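Please look over the structure shown below, with its sequence, before reading the briefing that follows. The notes are grouped by topic and are meant to be read side by side with the model.

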Amino acid sequence: MAIDKIQSQSINLADNFAFTGTVTGASGVNTPNFFVRLGTNQAGISNEAWTKISLAHEIYDSDNAFDSTTNYRFTVPSGKAGKYFFEFSIFGKAGDNDLNRIHCRLYKNGSTILAGAENDWTNQAFRNAQMYSSSGVIDLNVGDYIELYGKLFHTDDGQFLGSGNTLANTRLIGFRILE
Amino acid sequence: MANLSTKIKMYAAANGVAEVDFMKDVMLQDDSDGNGAYIKEWNLDIAQPTDAQLSAQETAADTEEANNQVRSTRRTAYGDIGDQLDEIYKDIDAWKARIKSIKDNNPKS
């Protein structure tokens, strides 16, 4: 029979407890949380311009806090300020051997807050496509918003890839850290 | 239509600036709202170009982008620099003929 009531005097907090059943209601949940990605390839990427990723495909969005139709941004809902973990990646592609460099960044309220990895393949062959990921923790207040931007250095047909399975390609994942 | 970055490079070159670093000299941004890329930050000493000044660079920028594609195609066809050194060592005339053929088959504008 599950214990549904404990009087405070009956537990010694210095004791060890080896539960073999399931403890419910003893922890919080990491909400808001979301996972969004590109639904289709985002083409026509201007060379060397920071370009907002149009993350229109939601895998999940616990608090409906991600705008996946207009501004493609996560906005901290009322009562949900705190530290947030974000993981983001972009998969860039260009024409045959036309992709030289790739960068990705998270913007907080329109300014860079986290920069992703970068590399330069200008003098290497087979520069058709490349993926980069990064992650970090950001302190956010109610109303703050987060957007994913990418930059491609290419000579032809730059695009961010969005097709494929749900875990790959261009995406943004985030959740609030319990404190 | 040429990329904004290429037109800015052409404008800068015409005003005495040989290199533009798009990570610090000029920051371009596209908010994916249908309005295209724009200049978000301008940190060069020369004046930020007007729309008309950028439009004036359209033809030169188109040519530059076409030539960039030619350069990329040539670079791939040339092959690994180590392999080329080996080619030169073995038969420099054959190497020169191969490079010339690549250039002839991929002319710049």
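**Aromatic clusters, charges and local geometry**

Ring pairs join Phe34(A), Phe66(A), Phe74(A), Tyr84(A) and Phe86(A) into a cluster. The model is a predicted one, and its chains together hold 11 aromatic pairs and 12 salt bridges.

**Aromatic pairs**

- The ring centres of Phe34(A) and Phe66(A) are 5.4 Å apart and their planes meet at 35°, so this pair is tilted.
- Because Phe34(A) belongs to strand β1 (residues 33–37) of chain A and Phe66(A) to strand β4 (residues 66–67) of chain A, the pair ties together parts that are 32 residues apart in sequence, and both Phe34(A) and Phe66(A) are buried.
- Tyr107(A) and Tyr149(A) have ring centres 4.0 Å apart and planes at 15°, an angle that falls under the 30 degrees required for stacking, so the pair counts as stacked.
- With Tyr107(A) in strand β7 (residues 99–108) of chain A and Tyr149(A) in strand β11 (residues 145–154) of chain A, the pair ties together parts that are 42 residues apart in sequence.
- Tyr107(A) is buried at a relative accessible area of 3%, and Tyr149(A) is buried at 2%.

**Charges over rings**

- Arg73(A) is placed over the face of Tyr145(A), at 3.9 Å from the ring centre.
- Arg101(A) is placed over the face of Phe153(A), at 4.4 Å from the ring centre.

**Salt bridges**

- Arg73(A) also forms a salt bridge with Glu147(A), in which the closest N and O atoms are 3.1 Å apart.
- Since Glu147(A) is in strand β11 of chain A and Arg73(A) is in strand β5 of chain A, this bridge ties together parts that are 74 residues apart in sequence.
- Glu147(A) has a relative accessibility of 2%, which is under the 20% limit and therefore counts as buried.
- Lys52(A), Arg73(A) and Glu147(A) are linked in a network of salt bridges.
- Lys83(A) and Asp139(A) meet through their side chains in a salt bridge with an N to O distance of 3.8 Å, and this pair links distant parts of the chain, with Lys83(A) in strand β6 (residues 82–93) of chain A and Asp139(A) in strand β10 of chain A, 56 residues apart.
- Lys83(A) is partly exposed, with a relative accessible area of 34%, and Asp139(A) is also counted as partly exposed, at 48% relative accessibility.
- In chain B, the side chains of Glu64(B) and Arg71(B) meet in a salt bridge with an N to O distance of 3.7 Å; Glu64(B) is partly exposed at a relative accessible area of 24%, and Arg71(B) is partly exposed at 30%.

**Backbone geometry**

- Most residues other than glycine have a negative phi, and most peptide bonds are trans.
- A cis peptide bond, with omega of about 0°, joins Thr31(A) and Pro32(A), and Pro32(A) lies in the segment before β1 of chain A.
- Asn64(A), which is not a glycine, has a positive phi of about 50°; Asn64(A) is found in the loop between β3 (57–61) and β4 of chain A and counts as exposed at 64% relative accessibility.
- Tyr72(A), likewise a residue other than glycine, has a positive phi near 50°; Tyr72(A) is in the loop between β4 and β5 (73–75) of chain A and counts as buried at 14% relative accessibility.

**Surface patch and residue surroundings**

- Ile11(A), Leu13(A), Phe17(A), Phe19(A) and Val23(A) make a nonpolar surface patch of about 570 Å²; of these, Leu13(A) is found in the segment before β1 of chain A and counts as exposed at 80% relative accessibility.
- Ser134(A) is located in strand β10 (residues 129–140) of chain A and is buried, with a relative accessible area of 19%.
- Leaving out residues up to four places away in sequence, Ser134(A) touches Phe86(A), Glu87(A), Phe88(A), Ala115(A) and Gly116(A).
- Asp25(B) is found in the loop between α1 (4–14) and β1 (26–30) of chain B and counts as buried at 18% relative accessibility.
- The C-alpha atoms of Asp25(B) and Leu44(B) are separated by 5.6 Å, although these residues are 19 residues apart along the chain.
- Beyond its neighbours within four places in sequence, Asp25(B) has contacts that include Glu19(B), Trp42(B) and Leu44(B).

How values were computed. Residues are numbered from 1 along each chain as its sequence is written. Chains are lettered from A and ligands numbered from 1 in the order in which they are written. This is a predicted model: local features need pLDDT of at least 70, side-chain atom pairs count only at pLDDT 80 or more; totals for chains, interfaces and linings use all residues. Side-chain values use heavy atoms; hydrogens and water are left out. Rings of Phe, Tyr and Trp (its six-membered ring) pair if their centres lie within 6.5 Å; planes under 30 degrees apart count as stacked, over 60 as edge-to-face and the rest as tilted. Helices (H or I, at least four residues) and strands (E, at least two) are DSSP runs, numbered from the N terminus. Buried means under 20% relative accessible area, exposed over 50%, partly exposed in between (1.4 Å probe, protein chains only). A charge sits over a ring if NZ of Lys or CZ of Arg is within 6 Å of the ring centre and within 35 degrees of the ring normal. Patches are made of residues with over 30% relative accessible area and no salt bridge: like charges are joined within 9 Å, nonpolar side chains (Val, Leu, Ile, Met, Phe, Trp, Tyr) within 5 Å. Accessible areas come from the Shrake-Rupley method with a 1.4 Å probe; for residues, only the protein chains shown count as cover. A salt bridge is a side-chain nitrogen of Lys or Arg within 4 Å of a carboxyl oxygen of Asp or Glu. Contact means heavy atoms within 4.5 Å.
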